[in-house]
Amino acid sequence: MHTHVARPGALRSAVVGMLVLGAWLLLAAMPVAADGGPHIASVNSGASTLTADGCAGCHRAHTAQGEGLLVTAAENLCLSCHGATATGATTDVEGGIQYTVENDGNGQPVAGALRGGGFVDARIDSAHSSRKSYPFSNGTSILTTFSSKVPVLAAGAAVTSAHLDLDGTGGVTARSTAWGNGEITGAVNAGPVVVLSCVSCHNPHGNGMYRILNPVTKPAGTGFIAVDEPGVAVDDATVPSGAGAAGTRNYTVQDGRTLQDVLATNAGPTAGDYWRRFLPWDLVPAWNGTAITNPAGMRQGDVPGYVAGDLDNLVTFKIEISAWCSSCHTRYLSGSTGARTNSGDPIYTYRHVSNARVECTQCHVSHGSNAAMTGEAADVAYPDGGAPTTVTDPNTLAVTTLNSRLLKIDNRGTCQACHDPTGTIPYDGSVISH
Amino acid sequence: MSIDIQRRAGPLFGAVLVVVGMTLAIGPVVPSAAALDPTPSPDSSASAPSPSLAPPAAPDPTLPAADPVVEPSPVASPDFTPGPAATPAPTADPLTPTPDPSPSPVPSPGATLTPVAAADGVTIEHFWIDAENRAGDVPNPGELDDATLGLQRFTVYRLRFQVVNGGDSPVEVTPKLLAGEGAFPASWMAVPEVDPVDGLPFYAASDKGSTWDVRHSTIPANRLRLDAASDTSATSTDGLASAGENPAPAVSLPAHSFTEIQFAVRATIYAKYETAYAFRLGLTGTSVLGRVDVGVEMGPEPAPLSDGPAATGKPLEEPTAFRLDAGFAITATLASATVLPDSGFALAAGTFATPHALLNTLTSDACAACHGTHTAQGPTLNGKASPIATVCFSCHNGTGANANVAAQLSSATPNDPSTDSWYQHPATATNTNHISDHDAQEFAGITNRHAECADCHQPHLSDATKTMVTPQGWTASGSIAGASGIAVANGGANTIPEFTWQKTSTLEYQLCFKCHSGYTGLTGWNTTSPSRSQLDKAVELNPANLSYHPVEAAGKNTSTQLDASLAGPSSLRLWSGLSTGSVIRCANCHAASTVVAPAADASLDNHASANRGILVRPYRDRVLRTASQNFTVGDFGLCFACHSTSPFLDFSGSVRPDTNFGGHGLHVVALAGNADTGATNSIDRDGDGLGNALCAECHFNQHGSAFPANSTALEGAQQPATGLVNFAPNVRPFNGTISFVRNANGTSTCTLRCHGKDHNGLSN
């Protein structure tokens with residue numbers, strides 16, 4: 001009689017295989033933290049292992065469907081994890097959602113708002129503006145710091161401007177112009193038409209920066225002039241860690257000079273706010289509620305004790321992010337005299353300060369904004385003179401202008417977060433809000 | 001077969017509301033379509049044409065198909081002035097004015113009702129008029145075939161029409177909107193596209209207000225407001241909404257279909273209040289001709305936003321008591337002029353008092369109206385290049401605000417610096433001498449005067465707040481709120497006060513002192529032509545002086561005679577209620593010459609005037625009268641805006657109760673032909689004077705007594721005097737003395753020589 005006996009080795013292999021599969025499914029179902037996810041080179045590259053499996057998540061050697069041996073076209077590939085219906089990452093760039101790695105007690109991730117907004121929806125409570133008095137009440141100098149908090153919405157709202165037209169409905173990025181790209185030459189040149197994609201700004205392989213931003217952006221397009229040396233290099237540094245490295249952020253416009261300004265009670269609730277904390281290129285001071293402890297090696301600008309009159313070296317992140325944005329939007333980078341000094345450019349003639357004191361991200365989000373533009377704010381033409389894109393509600397014929405320019409607050413509330421042109425609001429420490 | 005249904009507007013909405021009506025020639029009524037509410041009028045018939053309507057004209061195949069509209073040229077008739085009634089004649093052009101062959105059953109006004117000329121079965125059956133709010137939304141759509149609102153200037157309205165093709169063939173129609181003045185306009189004009197046109201009451205606007213964003217969008221068939229039409233077999237088809245396009249793109253109408261077509265129009269400053277207008281939707285096509293007229297009426301003029309008395313226009317009267325010549329040319333101009341509403345802005349009702357104020361919201365859209373962030377073309381991030389007037393005139397050019405400053409400046413006489421003749425503040429001149437942000441250094445101690453808009457206005461704070469009188473002067477009104485100025489701490493008579501720059505003027509004259517006081521650099525006495533001197537008004541108006549016009553404080557002359565002069569008759573009186581205790585404004589004398597009968601606290605502007613010195617009324621002060629020229633009050637309208645003319649009509653030389661100098665009449669009337677040998681007629685030339693005197697010969701510097709002219713120093717110096725008496729350079733000393741002394745008995749004594757006559761202590 002022939003007895004059929006299972007081979008112990010095969011059974012063991014099957015059991016191990018099921019365990020591995022189960023573990024893989026478990027791990028695969030777990031969203032990956034945005035602040036240090038699978039793109040980080042130290043995780044996926046040979047820094048930790050020379051047999052990383054991460055390559056196969058995105059690439060195929062012989063059956064690739066997308067350029068660069070990608071399994072599919074770039075945007076679709078990114079959205080397979082970062083899309084509205086994807087579960088592979090904590091960052092939903094379509095819906096403008098930042099999920100936390102914690103859950104709500106019922107096994108569901110907690111949805112917050114993505115700081116950069118989303119490309120289809122965003123959760124910016126753009127109608128809820130506030131400011132903490134006016135810092136220029138004596139007409140000559142900054143009297144104190146202030147905070148204008150822009151909270152988040154519980155649900156997404158359709159964007160009115162975005163860097164990419166991810167849902168393919170057109171409109172929001174129909175012009176596809178890298179506004180201000182190129183040097184000031186005196187020629188009329190609003191900027192070249194470019195083709196943007198996720199990788200224009202992000203390095204999917206990771207580079208040690210939690211935003212995985214390319215050091216210098218370079219979208220595709222004829223006539224685009226890459227700026228390799230915008231003046232200030234964007235440094236890579238260590239990945240932030242610790243409490244607050246992940247979680248819901250408010251869209252807070254901060255113009256604090258010091259970390260204490262940001263964290264102090266009178267600056268409003270800042271837990272979870274994005275500012276210069278947790279940025280990979282800054283070291284992270286510690287704040288215990290009353291005092292700050294600076295880690296060794298912190299550079300000037302990282303520390304609360306600023307040097308009066310040395311504002312340009314004060315906030316490292318600010319100048320870095322302004323420099324980074326201006327690697328595309330070259331002519332937007334402007335010093336404090338830009339509003340009164342003719343640049344010589346026929347379009348970008350007088351320019352709001354965009355540098356270390358007022359960084360781009362103070363007013364703008366990166367992905368998309370749902371801020372509503374009405375009246376005069378809706379009418380503002382594009383730099384090339386083109387009329388803003390509009391959509392008409394087929395039911396009410398109400399016209400929505402897709403003209404929010406990635407601003408965080410409705411209309412020109414972003415301006416008012418800092419400016420009181422009436423000069424009549426005295427500084428008294430109070431918060432003015434809707 | 002068609003039927004005729006008389007439709008009339010809903011209830012009249014009072015005098016201020018629009019009354020709209022239509023008479024339509026439509027296809028069979030749709031009984032089941034409740035929304036259509038095709039309630040026929042009692043005289044309607046389902047089987048016979050209405051006797052009140054002309055039968056639809058058959059299309060004339062010889063007519064141009066593309067655009068058979070006959071309309072006057074905008075250039076030839078820009079003001080919609082109704083012309084003669086059109087000659088009734090059969091016509092195949094449905095867009096051509098056609099007098100209604102029978103009176104409309106709906107009483108005027110507002111009952112407009114031109115029948116639709118149906119061709120190829122195309123009719124226009126219903127309409128709506130929606131008013132947009134400032135955000136570009138329509139919170140309360142208009143009712144069917146009704147207009148429950150009085151049109152307001154600067155508001156965008158959406159005129160929407162239901163169009164039906166009851167024919168058996170598809171057609172393509174091109175919609176075009178026309179307008180005319182009156183319930184039954186005698187002439188029609190295409191509503192201009194995109195941009196307002198001077199003189200025209202409407203333009204086809206972007207429905208976002210001021211943006212010239214020409215566009216159109218489809219109104220999907222399933223989003224039409226009505227789901228049925230008189231042609232019960234008709235089905236819905238896509239319509240069209242036009243914003244800024246006129247004519248709109250062609251619309252295809254399948255056989256037996258209906259749709260809706262919409263135009264956005266905006267009423268301009270030229271739309272007359274409480275005046276009837278009519279819109280005409282015309283349809284043209286290969287063989288389709290049709291139209292319908294909708295009567296509307298502008299609402300009343302908005303009430304002033306402040307609680308001050310509304311200014312009313314009042315023609316000035318010609319002087320009749322004493323008129324020696326015909327030189328009174330100002331009457332015609334003044335009689336037709338009116339004072340602008342003090343509110344300054346006529347925005348959509350229920351919005352805000354001024355688009356400049358940002359205090360009420362932290363998400364204002366107003367910033368974007370004037371500023372750019374990264375693409376600004378002017379300093380301080382202004383959206384347009386310097387001067388700042390280019391930004392201001394985006395609205396203040398007759399299209400967005402009641403105050404048409406652009407027209408004031410462009411129509412005024414150009415300044416002539418070579419003769420110090422100023423008719424306007426040079427707001428449109430680009431200045432390179434802005435030192436900083438309107439701070440103390442901009443005008444301090446240097447000849448750096450300029451007057452761009454922002455030098456006198458703080459646009460973020462301007463509002464309709466009225467000026468108020470205080471013992472120290474009139475307060476800064478809302479129109480100059482926030483503008484910087486110069487406060488003065490006066491010392492003794494004829495001395496230079498201590499100047500203090502203020503970020504915000506609290507008193508009206510403080511703004512003027514930025515440029516017209518010694519705080520800045522003035523050229524001072526013009527030794528060649530003293531009448532062109534730039535003197536320090538702060539010194540002249542110092543209340544410590546012997547006499548002055550009471551700008552900083554009430555005057556020193558508290559005599560009953562002066563009270564009587566200020567209250568006495570003057571056919572040219574502009575300011576009433578003045579007394580010796582009054583404090584006056586700079587703007588009482590320096591304001592636009594078009595002002596008529598303003599209130600004391602009226603929002604006066606002094607951007608420009610027809611009179612040199614930006615004077616509110618004429619004032620002859622440089623060229624003396626010839627030997628034969630007679631006195632005319634019109635030459636001194638400025639003086640008689642406050643003072644009685646009576647003393648000047650009495651040349652007896654007697655003491656009068658309404659003047660402190662009984663010789664006024666004598667001097668202005670009875671000196672004809674008195675002259676020194678070789679005299680001419682320049683007030684600046686020693687010994688000149690050929691005829692009757694000018695006010696300025698004895699009141700050379702009217703602001704105050706601090707700077708008496710000294711035409712010939714070797715002959716003797718004038719001293720400051722009471723009664724604002726300081727003699728002009730043409731008046732000569734007598735034996736080295738030139739003086740005026742008021743005597744205790746009410747008479748005066750002069751020592752001087754003028755017009756060839758010695759005054760050796762001469763008293764009246």
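Modeller: A residue is called buried if 20 or more other C-beta atoms lie within 10 Å of its own, exposed if 12 or fewer do, and partly exposed in between, the C-beta atoms being placed from the backbone. By that rule, 53% of the 764 residues of chain B count as buried. This is a predicted model, in which local features need a pLDDT of at least 70 and side-chain atom pairs count only at pLDDT 80 or more, whereas totals for chains, interfaces and linings use all residues. Residues are numbered from 1 along each chain as its sequence is written, while chains are lettered from A and ligands numbered from 1 in the order in which they are written.

Chain B has eleven helices and 21 strands, these being DSSP runs numbered from the N terminus, with at least four residues of H or I for a helix and at least two of E for a strand. Two residues are in contact if their C-beta atoms, placed from the backbone, lie within 7 Å. Among the contacts of chain B with a separation of 6 or more, 65% come from residues 24 or more positions apart.

The interior can be described through its nonpolar cores, each a set of buried Ala, Val, Leu, Ile, Met, Phe, Trp, Tyr and Cys residues joined through C-beta atoms within 7 Å. In soluble globular proteins, nonpolar side chains tend to be buried together. The largest core holds 143 residues, and those with the most contacts inside it are B:Val616, B:Leu638, B:Ala641 and B:Phe727. Helix H6 (residues 508-516) of chain B gives the most to this core, with five residues. Setting aside neighbours within four places in sequence, B:Phe727 is in contact with B:Glu697, B:Cys698, B:Phe700, B:Ala709, B:Gln718, B:Ile738 and B:Leu752. A second, separate core of 56 residues includes B:Val164, B:Phe258, B:Ala264 and B:Ala276.

B:Gly244 lies in the loop between strand S10 (239-243) and strand S11 (251-253) of chain B, and B:Gly244 counts as buried because 26 other C-beta atoms lie within 10 Å. The loop between S10 and S11 of chain B also contains B:Pro247, which is joined to B:Asn246 by a cis peptide bond with omega at about 5 degrees. Another cis peptide bond runs from B:Ser386 to B:Pro387, with omega near 5 degrees; B:Pro387 sits in the loop between helix H2 (367-370) and helix H3 (389-392) of chain B.

A further backbone feature is found at B:Asn494, which has a positive phi of about 65 degrees although it is not a glycine. B:Asn494 belongs to the loop between strand S17 (485-489) and strand S18 (498-502) of chain B, and B:Asn494 is partly exposed, with 17 other C-beta atoms within 10 Å.

Helix H8 (residues 560-567) of chain B has B:Gln561, B:Ser565 and B:Leu566 among its buried residues. Seen down the axis of H8(B), its buried residues fall within an arc of 135 degrees, so they line one face of the helix; the arc is that of the directions from the helix axis to the C-beta atoms.

Strands S19-S20-S21 of chain B form, in that order, an open sheet with antiparallel pairing, where two strands pair if DSSP finds at least two bridges between them. Strand S19 (739-742) and strand S21 (757-763) are the edge strands, each pairing on one side only. Neighbouring strands of this sheet are turned by 10 degrees against each other on average, direction ignored. Strand S20 (residues 748-754) and S21(B) pair in the antiparallel sense over six bridges, and the bridge partner of B:Cys750 in S21(B) is B:Leu762.

As for chain A, its mean pLDDT (the predictor's confidence in each residue, from 0 to 100) is 66, and 52% of its residues reach 70 or more. Confidence there is lowest in strand S9 (residues 251-254), at a mean of 35, and highest in strand S12 (residues 368-369), at 94. Over residues 1-11 of chain A the pLDDT is below 50, and this stretch has one contact in the model beyond near neighbours in sequence. Where pLDDT is low, the predicted coordinates should not be read in detail.

Notes: Axes are lines fitted to C-alpha atoms, for helices over the stretch in contact, and angles run from 0 to 180 degrees between N-to-C directions.
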